[in-house]
Amino acid sequence: MSQASPAAQEFILTLSCRDTTGIVYAVSGLLYQAGCNIIDSQQFGDVQGEDATGLFFMRVHFAAPPHLADGATLANLFGHVRQQFGMDARFHAVAARPRLLLMVSQHGHCLNDLLFRVKSGQLAVDIPAIVSNHTTFQALAESYGIPFHHLPLPTGADAATKRAQEQRIEALVEAEQIDLVVLARYMQILSPELCAALKGRAINIHHSFLPSFKGAKPYYQAHARGVKLIGATAHYVTADLDEGPIIEQDVARADHSLSAEDLTAQGRDVECVVLARAVRWHVERRVLMNGHKTVIFR
């Protein structure tokens, strides 16, 4: 038998608990005693400021010996430390490729960007399905050999119709064992039920003009006001529209020489980059939830 590759025995431990003394010592000491090799370790205690949560966060990338190289064994090994500190601790195999469901409406720049990043090896994920309420990007999905699911929503659809469509999405998530849903400019408001079902595993992207410029053609509205700074925000999906915990944001300068079309193109470029970063950090287990905020270990 051939030996397992190093990546097959590498894991990422993410944890959070109340901040106190001895956490790093306990975690690193236990990994050392178990024969694990720590490759990278980062930690953060949210203990300063009026809005501090008092929580401690840690991400440890390590290599485990063969007899410990599965998540269940490692979780059992950490049982005492988990109980001692009241930790939410999770182990993730580096070799496991997260499974993504991409959702899109009629703006395909983010979809196209993510598909290229996966195809070129820049993003280590699998995409078993693409969902859309339109057929605009069916040919694009087929060019990558990815099943395309057209789940239409009639204009002015009532709540029952929307919920029925969402239940088909939920069934697809379960059938395909989806780890992360990415709203790559999917222009539909998700119901509280779907938001709850996808809590912590659905990411949305939008321009950062909210609440100043919303509705149709926000970049055209911004151009009419002569904005000098445009940006994008990627965040987790919650029932509070566009107010979920922020993962990443970025901006680009604008000036009077840009037409509304130029501004739109520039904004879409920023959206692509911001969404790609957010997705990559999520699948690399670099994002930890901290109440209404996030901790990002880069």
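Me: Which residues line the largest cavity?
Reply: This is a predicted model, where local features need pLDDT of at least 70, side-chain atom pairs count only at pLDDT 80 or more, and totals for chains, interfaces and linings use all residues. Numbering starts from 1 along each chain as its sequence is written, and side-chain values use heavy atoms, with hydrogens and water left out. A cavity is a set of points on a 1 Å grid over the protein atoms alone where a 1.4 Å probe fits but cannot get out, and lining residues have an atom within 4 Å of a point. That picks out Leu153, Lys162, Gln165, Glu166, Tyr186, Gln188, Ile189 and Leu190.

Me: How much space lies in that largest cavity?
Reply: The structure has one cavity of 30 Å³ or more. Counting the space filled by probe spheres set on the points (joined across faces, edges and corners), the largest cavity holds about 40 Å³.

Me: Is Ser105 buried or exposed, and at what relative accessible area?
Reply: Ser105 sits in the loop between β5 (99-104) and α4 (109-119); helices (H or I, at least four residues) and strands (E, at least two) are DSSP runs, numbered from the N terminus. Buried means under 20% relative accessible area, exposed over 50%, partly exposed in between (1.4 Å probe, protein chains only). So Ser105 is buried, at 4%.

Me: Which backbone nitrogen does the Ser105 side chain reach?
Reply: Leaving out residues up to four places away in sequence, Ser105 touches (heavy atoms within 4.5 Å) several residues, including Ser132, His134, Arg185 and Tyr186. Its side chain also comes to 2.8 Å from the backbone nitrogen of Met187.

Me: What is the phi of Arg185?
Reply: Arg185 lies in the loop between β8 (180-183) and α7 (192-197), and at 10% relative accessible area it is buried. Most residues other than glycine have a negative phi. Arg185 isn't a glycine, yet its phi is positive, about 65 degrees.

Me: Which side chain does the Asp242 side chain make a polar contact with?
Reply: The unreviewed UniProt entry annotates Asp242 as "active site", though such annotations may be inferred rather than shown by experiment. Asp242 is in the loop between β10 (229-236) and β11 (246-253), partly exposed at 30% relative accessible area, and its phi is positive, near 60 degrees. A polar contact is a pair of N or O atoms within 3.5 Å, one able to donate a hydrogen and the other to accept it, and residues adjacent in sequence count only if both atoms are side-chain atoms. At 3.4 Å, the partner of Asp242 is the side chain of Asn204.

Me: Which elements do the buried residues of α4 pack against?
Reply: The buried residues of α4 are His109, Cys110, Leu111, Asp113, Leu114, Leu115 and Val118. After α4 comes Gly121, with a positive phi near 85 degrees. Those buried residues pack against β5, β6 (126-132), α5 (138-143), β8, β9 (202-207) and α9 (260-283).

Me: What distance separates the C-alpha atoms of Val94 and His150?
Reply: Val94 is in the loop between β4 (88-93) and β5, and counts as partly exposed because its relative accessibility is 33%. Val94 and His150 are 56 residues apart along the chain, and their C-alpha atoms are separated by 32 Å.

Conventions
1 Å grid on protein atoms, 1.4 Å probe; cavity = no way out; pocket = protein on both sides within 12 Å on 5 of 7 lines; lining within 4 Å.
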